[in-house]
Amino acid sequence: MIGDIVETKQCQVKDPMDLFHSGQVVKICAPMVRYSKLAFRTLVRKYSCDLCYTPMIVAADFVRSAKARDSEFTTNKVGDHPLIVQFAAKEAQVLCDAARIVSPFADGIDLNCGCPQRWAMAEGYGACLINKPELVQDMVRHVRNQIDNPRFSVSIKIRIHEDLKRTVDLCQKAEATGVSWITVHGRSVEERHQPVHYDAIKIVKQSMSIPIVANGDIKTLKDAEDVHHLTGADGVMVARGLLANPAMFAGYEETPLKCIQDWVDIALEHGTPFTCFHHHLMYMMERITSKQEKKVFNVLSSTSAVLDYLNDHYGV
């Protein structure tokens, strides 16, 4: 909680842009509602994840309410870097105020221009911003002008338009305003489970001189490498693939038992709420448990029951 981390002003802040200049594909854990919190970020960082995002935070609530700040944003001094805080916002000054609050503790902010959920779009957040390039420019410019630290990154995450010219135009306008990099989810707002348009990400990449991150349906390290070759993207961002296998970036085909043990240790140390602790294990064990085992494991209702089960069945 911010209340608990005020002393971290001197924390180990890093420049995320250094990652993009390393010559390696940057491996990124996506912003996931409920899931990409500190404990899970700590886990994936142990398994070759280079850069982590927080879950999306509504900037207006965050600025207005100390309660929202304490529940939405937690970090620590040493291991949780580089860290990007993702905000939903629709007003430049509100985004700026939110960025100012987190800037001593994080390495950059990301503006969500890709969330297709109805509530977000209805509120003027998320993917509806891809149709408002001037507003996106204004928000990026405000943060750039008001945060003193030149190493603090300002990025955006978008979905693509049906007419790709509009996506390229949006990206070029954002680049002209000083955006650090752009993450492109290769689907339109209407598309959910349709194949990802990696060719569209490639066209965006070829039209820009800042780093581009590819996002969508990357489930293994080989997928990440293939998408990098297909698109030329400088980084890959993964959501569900990391939920199913937090050790994915380290080259594991399925979650190793060591990773499950690490999650138990980290979650207990962080006081992770039971539901979150259990859900992560359900995702991680999806590929390594039988239907019968799932039926038993998924209805366990206490931490001690989960620990007993893991000990009895896996020696964890």
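With which residue does Lys173 form a salt bridge, and how far apart are the closest N and O atoms? I looked it up: the partner is Asp169, at 3.1 Å. My cut-off for a salt bridge is a side-chain nitrogen of Lys or Arg within 4 Å of a carboxyl oxygen of Asp or Glu.

Ground rules before I go on. This is a predicted model, with residues numbered from 1 along each chain as its sequence is written. Local features need pLDDT of at least 70 and side-chain atom pairs pLDDT 80 or more, while totals for chains, interfaces and linings use all residues, and side-chain values use heavy atoms, with hydrogens and water left out.

**Entry: Lys173 and its partners**

Lys173 and Asp169 sit four residues apart in helix 8, so about one helical turn separates them. I take helices as DSSP runs of H or I with at least four residues, strands as E runs of at least two, numbered from the N terminus. Lys173 also meets Glu134 in a salt bridge, 3.4 Å from N to O. Glu134 belongs to helix 7 (residues 133-146) and Lys173 to helix 8 (residues 164-176), so this pair ties together parts 39 residues apart in sequence.

I checked accessibility too: buried is under 20% relative accessible area, exposed over 50%, partly exposed in between (1.4 Å probe, protein chains only). Lys173 is partly exposed at 24%, and Asp169 is partly exposed at 31%.

**Entry: other salt bridges**

Searching the whole structure gave me 13 salt bridges. Among them is Lys258 with Asp262, 2.8 Å from N to O. Both are in helix 12 (residues 257-270), four residues apart, so about one helical turn lies between them. Lys258 is exposed at 52%, whereas Asp262 is buried at 6%. I also noted a network: Asp15, Asp18 and Arg151 are joined by salt bridges that share partners.

**Entry: the annotated domain**

An unreviewed UniProt entry puts "domain: DUS-like FMN-binding" on residues 29-293. Positions are in the numbering used here, the feature name is shortened, and such annotations may be inferred rather than shown by experiment. Over that stretch I get 45% helix and 14% strand, with the end C-alpha atoms 28 Å apart.

**Entry: cysteines**

How many disulfides turn up? Zero, counting pairs of cysteine sulfur atoms within 2.5 Å. Cys113 is buried at 1%, and its closest cysteine sulfur, in Cys128, is 8.8 Å off, too far for a bond. Cys259 is in no disulfide either, the nearest cysteine sulfur being that of Cys29, 12 Å away. Cys259 is buried, at 0%.
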